[in-house]
Structure formats: C-alpha cells, structure tokens
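User: Hi! I'm new to this one and would like a quick tour of its rings. Could you show me the structure first?

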Amino acid sequence: MARNELDFPPVFELGDKVRLLKLIRNDGTFRGRERGEVLARPGEIGYVIHIGDFLQTFYIYAVHFLELGIVIGCRYNELELVE
C-alpha cells in the first residue's frame, strides 16, 4: 500500500522560511505564463503561506517568493527549511 503523506503532519508550517531546491517550470497550471516557462530557480527564498493537499494524498505548500512576486505550490522534497 502506498504511503499517504496526509497520515503524517506537514513537514513545514505556516510562516516557515524555505529555500527552493529544484527548478520549477510551469506545468500548465500557472495562469499567465507559458507552459514550460521557468517560474523559479534553486536557491530562491520564500515563505509558506498555505498548506493544502492534492488528491487527498500529499501536501502542497503554497510558497510566496517575495523577490519574484509570485506564489508557487511546492512539494516537500522541493524545499528546505531556512533557519
């Protein structure tokens, strides 16, 4: 049986300062940008502003990247906590 992330508490909390670990491209769900366009690069810093879920299986962390002026939904493995 596959592990359901929602069976465990979220890795990050609201207000956490996080660093992006992976290149994020528009998969077609980011309105106003071309599919495949780079949205954010590794090293960008942002803050968790919402924690939701996708398909009732895993958490999606809405991260506000202040310098980029955008909010991107990220998985836990795309982020690391900045202390």
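**Rings and their neighbours**

Analyst: Let's start with R75: its charged end sits over the ring of F58, 3.6 Å from the ring centre. Such a call needs NZ of Lys or CZ of Arg within 6 Å of the ring centre and within 35 degrees of the ring normal. This is a predicted model, where local features need pLDDT of at least 70 and side-chain atom pairs pLDDT 80 or more, while totals for chains, interfaces and linings use all residues. Residues are numbered from 1 along each chain as its sequence is written, and side-chain values use heavy atoms, leaving out hydrogens and water.

User: Is F58 buried or exposed?

Analyst: F58 is buried, because its relative accessibility is 18% (buried is under 20%, exposed over 50%, partly exposed in between, with a 1.4 Å probe and protein chains only).

User: How many aromatic pairs are there?

Analyst: Three. Ring centres of Phe, Tyr or Trp (its six-membered ring) must lie within 6.5 Å; planes under 30 degrees apart are stacked, over 60 edge-to-face, the rest tilted. F12 and Y61 have ring centres 5.3 Å apart and planes at 85°, so they are edge-to-face. Both F12 and Y61 are buried. Another pair, F54 with F58, is tilted, at 5.5 Å between centres and 45° between planes.

User: Which residues do ring pairs link into a cluster?

Analyst: F12, Y59 and Y61.

User: New topic: how far apart are P9 and Y59 in space?

Analyst: They are 9.4 Å apart, C-alpha to C-alpha, and 50 residues apart in sequence. P9 is exposed, because its relative accessible area is 65%.
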